[in-house]
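Let's take a walk through this protein together. Have a look at the model below, and then we'll go through it piece by piece.

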Amino acid sequence: MNGARGGGSLWHAGRKRDHSRDPEILQAAIDILAEEGFDGMTIDMVATRAKAGKATLYRRWPSKAELVLDAIGCMKAADLSPATLPDTGTLRGDLIGMITSRTAEDAERRLRVMAGVAALLTREPELTDAASAVLMAPRIAAIRGLLERALARGEIRADADLDALAELLPAMAAFRGLVERKPIDREYQISLIDGILLPAAGVLRPMP
């Protein structure tokens, strides 16, 4: 993603700023995106919800799109923190362990967030690469790490294309969420693991 760097805003990380309020501001952005959609959301709304100065937000995020992408990026990073990745001893166990159990309400909320991202890309298609990096790159990196472990254990084919395998699940999930506007629930994700990723990696499908 062009301009992405670690820490702070994905767009202006080079500037020294106080990031202590970032978690509250970005959480407010996610909440309002889920409630109002991309079209209905404004930076002013986020400032009010987070009890932050409007001028501060506009300096750091000159556009709504930039704020949304930063918020989504932080949400994804929290979901895939290296400290939280499972180590069950099997590739299937690790992949299933990555699936977070969510309430129906949380699943619906995340679907609305994805719909907001889809609306953003419809209006600003030039941000597709940036959105792809934010939405998919963290999960791809996490899955590749699990595949490397499985390869070291001799669990998958020695000639397995780890880069291609790591992209399978995130790409299909993104299509389902952004294009089909369907929930990416646990059942769906397990079906991808058992029906596509494990066979492609040379792992026999587990018995029911």
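Lys 64 lies over the face of Phe 38, at 4.3 Å from the ring centre. A charge counts as over a ring if NZ of Lys or CZ of Arg is within 6 Å of the ring centre and within 35 degrees of the ring normal. Arg 176 does this too: its charged end sits 4.0 Å from the centre of the Tyr 188 ring.

Keep in mind that this is a predicted model, where local features need pLDDT of at least 70, side-chain atom pairs count only at pLDDT 80 or more, and totals for chains, interfaces and linings use all residues. Residues are numbered from 1 along each chain as its sequence is written, and side-chain values use heavy atoms, with hydrogens and water left out.

Now for the inside. A nonpolar core is a set of buried (under 20% relative accessible area, 1.4 Å probe, protein chains only) Ala, Val, Leu, Ile, Met, Phe, Trp, Tyr and Cys residues joined through side-chain atoms within 4.5 Å. The largest one has 39 residues, and Leu 57 is among those that touch the most other members. Helix 1 gives the most to this core, nine residues. A second, separate core has 25 residues, including Leu 147 and Val 203.

How confident is the predictor? The mean pLDDT (confidence in each residue, from 0 to 100) of the protein chain is 82. Over residues 1-16, though, the pLDDT is below 50.

Conventions
pLDDT = per-residue confidence, 0-100. Contact = heavy atoms within 4.5 Å. Buried < 20%, exposed > 50% of the residue type's maximum accessible area, 1.4 Å probe, protein only. Helix = DSSP H or I, 4+ residues; strand = E, 2+ residues; numbered from the N terminus.
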